[in-house]
Amino acid sequence: MLESYTMKTRLTKFVIHLILIIFSLIMIIPFVWMILTALKTNQEAISVSPFIFLPQNGWHWENFVTVWKNYNFLILYWNTLLMIFFRVVCACLTATMAGYAFGRLRFRGKNVLFALVLIQMMVPSQIFIIPQYLMVSKMGMLNTTFGLVFPGMVTAFGTYLLKTGYEGLPRDLEEAAGIDGCNIGQKFLKIMMPLTRSAMVSLGIFTAVFAFKDLMWPMIVSSKAETTTLSAALAKMQGQFSSDYPAMMAAAVLAIMPMVIIYIIFQKQFVEGIATSGGKL
């Protein structure tokens, strides 16, 4: 009986692992195809034959050299990383203060203001593009890092996430801090904010990924090549009548390298942040 149960358990684990491996391979296929296309000629890349999987005329590493020289990836990396950094800092700073106010303080109009935050989460973000563009344009901040960061300085999702994080903390901590003579600022900075570190890590991860994927806003606010980001530069490589697909795939490989490196370095924080928030990327 025990041996039968053990065999059944092993078989179940084997089937589960086999399914996971199959789906993992399916998810990896697009990345492998992207890398192999970057090493092909344009004729091989646009061939309709499904059997041309590997490059037939040698590995064309010069595609990477060409796009690196033509599109100045160092500037694109710098602009993208600056946008991600400042959006993460601003989002965490504003969301943790707003979340603390909505989650722990009592004031007039609290429910109305939080309802406005929820409404902002419900409507499509494209609705705010024109007002945001007009604001940035009036301030004379087009083609600047501030213009790229501007839409992500305040986040409704982050406010909601941090509010739920603060609401889950026991009030005994604040009461004990109040007895020791702490004011509201000291309670927030020294007691409550450090306890929501996992929620802030989750918000930072989501903000960084969304900023890296942002395409429409950088294309609108940055018309100059020296101020644009990786996503906008890749989109502009698509030709109207023809496209150099190996060059596009080589540029895509170079574009994802910063996020791959960041994920490898902060893999533990990524996993903890996603597990804590219960969300997905």
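This is a predicted model: local features need pLDDT of at least 70, side-chain atom pairs count only at pLDDT 80 or more; totals for chains, interfaces and linings use all residues.
Biologist: At what angle do helix H8 and helix H11 pack?

Modeller: The angle is about 160°. H8 covers residues 156–167, H11 covers residues 197–213, and their axes are 10 Å apart.

Biologist: Buried or exposed?

Modeller: Thr 196 has a relative accessible area of 2%, so it is buried.

Biologist: What does Thr 196 touch?

Modeller: Leaving out residues up to four places away in sequence, Thr 196 touches Thr 96, Leu 162, Gly 165, Tyr 166 and Leu 169. One of these, Leu 162, also takes part in the contact of H8 with H11.

Biologist: Moving on to H3 and H4. What is their packing angle?

Modeller: H3 and H4 pack at about 65°, with axes 6 Å apart. That makes H3 roughly perpendicular to H4.

Biologist: Which residues make that contact?

Modeller: H3 gives Val 67, Trp 68 and Tyr 71, and H4 gives Phe 73, Leu 74, Leu 76 and Tyr 77. The contact of H3 with H4 has seven nonpolar residues, no polar and no charged.

Biologist: Where is Asn 72 relative to those two helices?

Modeller: Asn 72 sits in the loop between helix H3 (62–71) and helix H4 (73–104). Its phi is positive, about 50°, although Asn 72 is not a glycine. At 40% relative accessibility, Asn 72 counts as partly exposed.

Biologist: What about the phi of Asn 143?

Modeller: Asn 143 is also a residue other than glycine with a positive phi, near 60°. Asn 143 is in the loop between H6 and helix H7 (145–149).

Biologist: Since H6 came up, where is Val 136, and is it buried or exposed?

Modeller: Val 136 is in helix H6 (residues 129–138). Its relative accessibility is 0%, so Val 136 counts as buried.

Biologist: Which residues does Val 136 touch?

Modeller: Not counting residues up to four places away in sequence, Val 136 touches Met 141, Leu 142, Gly 147, Phe 150, Trp 217 and Val 221.

Biologist: How far is Val 136 from Thr 94?

Modeller: Their C-alpha atoms are separated by 19 Å, and the two residues are 42 residues apart along the chain.

Biologist: Last topic, cysteines. How many disulfides are there?

Modeller: The count is zero disulfides. For Cys 92, the nearest cysteine sulfur is that of Cys 90, 9.6 Å away.

Biologist: Are Cys 92 and Cys 182 buried or partly exposed?

Modeller: Cys 92 counts as buried, at 15% relative accessibility. Cys 182 is partly exposed, with a relative accessible area of 23%.

Methods:
Residues are numbered from 1 along each chain as its sequence is written. Side-chain values use heavy atoms; hydrogens and water are left out. Axes are lines fitted to C-alpha atoms, for helices over the stretch in contact, and angles run from 0 to 180 degrees between N-to-C directions. Helices (H or I, at least four residues) and strands (E, at least two) are DSSP runs, numbered from the N terminus. Contact means heavy atoms within 4.5 Å. A disulfide is a pair of cysteine sulfur atoms within 2.5 Å. Buried means under 20% relative accessible area, exposed over 50%, partly exposed in between (1.4 Å probe, protein chains only). Angles under 35 degrees count as roughly parallel, over 145 as roughly antiparallel, 65 to 115 as roughly perpendicular and the rest as oblique. Ala, Val, Leu, Ile, Met, Phe, Trp, Tyr, Cys and Pro count as nonpolar, Asp, Glu, Lys and Arg as charged, and the others, Gly among them, as polar.
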